[in-house]
Amino acid sequence: MIETLTLISVIAILVLFTFLFIISRYRKCPSDKIMVIYGKVGSRDGTALSAKCIHGGAAFIWPIIQAYEYMDLTPMSISVDLENALSRQNIRINVPSRFTVGISTEQGVMQNAAERLLGLKLTEIQELAKDIIFGQLRLVVATMDIEEINTDRDKFLEAVSRNVETELKKIGLRLINVNVTDITDESGYIEALGREAAAKAINDAKKSVAEKNRDGSIGEANASRDERIQVAAANSEAIKGENEAQADIAQSNAILRERQAEALKRATSAERIQKAKALEEAYAAEQKAELARADREKATQEADILVKSEIEKRRIELQAEARAEEARRLAKGEADAIFMKMEAQARGMQELLTKQAQGFAQLVAAAGGNAADATRMMLADKMEDLMSIQVEAIKNLKIDKVTVWDSMNGKDGAPATANFLSGMLKSIPPMNEMYKMAGLELPEYLGKEIKEPADVKSSSEPEVPDEAEAEKSE
């Protein structure tokens, strides 16, 4: 009996633990989340599923082989301030907008969200969606004119929603709302369109007021004309009745025939006068109507000319501003290029002078710290080049092309032409003189300079007789 009770107790405990275990592994999905079950979740059409998505239901999570996570369906508001987007007219515009997106609950799209967004933070999902929105928004702007974007906002939002929705579904998101605020551009094109529309509305209003005033004047003139015509007709009928009565009386009273004839004459005259006045008033009303029509035509033509002139004036101003801006940018670019060129030249000159200074410092150090000796070493090194330059001065001289006017002033009456070439060669400083000018002396093995006494005249100088002897010889 005791063993039976023990066995029943054990079975009951096992059943209870099994029930509690089943309850602990049974998960319900809240309405604002998507439950993603991953692991071994089965297959579809022979292909193993990477995850199973449940929205608004519950499922049993098998231990060991399955696990689960939740994805939040809370909408995300993303601010996308697109700047310098190139429109179809090659005009760059700024499109500030705000997009509201969220994880989609559509079958298939939820699977994309489970595969690409599971485990990502809310900010990471926003950045991913923002990059996609930026690209698609710039693509839509590039396919539309500014007039379409600015005036037909529904068409623009529809194109943006269609492109963005398609790309967001690839990562499991859906587009909830798009809100585009004021669109601006750097060139002022949209502002110019607004000013043009405002000017057109003002001119249309002025035209409408002029037309209403014209209609009122014409209506007043017509009413006055009808009133006068009807009054004249009534008077005419009254006079006609009176005349008929008087004619009846005149038939019975012959004495009154003359008076009746005179009365009839006066009545006829009065009738004609009234008719003439009625015609005159009718012509005056028609004249007023024609004047009103002329004023309307004049106002219409002036309005058209003013609007066209204003538009042309604004177009010329915009073109002038564009040319001025282009000239300013070109001048700035040229100035920057000149500055960079001069800066590079200055850096090169500084580097060259620095290297020369370093080389000269090493040369002075090699000369034992004596700057004068270092200078002499540099001059001695360049002396060969100096001598080459001297030789180059007469190297290509064509003697047969030189013309010398001989005055026979040579020694003992000899011609000076013979001494021309030697004198020209003596005009080149000798090597010894070059060394002396540089503060150097030639070595002794190259020869020493022979100094002549001061009182001995050079053999090359001709003797000049003094004036007394010249007079005596004469």
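A residue is counted as partly exposed when its relative accessible area lies between the buried range, under 20%, and the exposed range, over 50%. In the predicted model described here, F60 has a relative accessibility of 24% and therefore counts as partly exposed. W62, with a relative accessible area of 49%, is likewise assigned to the partly exposed class.

A pair of aromatic rings is described by the distance of the centres and the angle of the planes. A search of the whole structure on this basis returned two aromatic pairs. One of them is formed by F60 and W62, whose ring centres are separated by 4.9 Å and whose planes make an angle of 85°, an arrangement that is edge-to-face. In the other, the centres of the Y68 and Y70 rings lie 5.7 Å apart with 80° between the planes, so this pair is also edge-to-face, given that plane angles over 60 degrees are classed in that way. Y68 is partly exposed at a relative accessible area of 26%, and Y70, for which the corresponding value is 33%, is partly exposed as well.

N94 is located in strand β9, which comprises residues 92–103. When neighbours within four places in sequence are set aside, N94 is in contact with L82, E83 and N84, and also with D182, I183 and T184.

Notes: Residues are numbered from 1 along each chain as its sequence is written. This is a predicted model: local features need pLDDT of at least 70, side-chain atom pairs count only at pLDDT 80 or more; totals for chains, interfaces and linings use all residues. Side-chain values use heavy atoms; hydrogens and water are left out. Rings of Phe, Tyr and Trp (its six-membered ring) pair if their centres lie within 6.5 Å; planes under 30 degrees apart count as stacked, over 60 as edge-to-face and the rest as tilted. Buried means under 20% relative accessible area, exposed over 50%, partly exposed in between (1.4 Å probe, protein chains only). Helices (H or I, at least four residues) and strands (E, at least two) are DSSP runs, numbered from the N terminus. Contact means heavy atoms within 4.5 Å.
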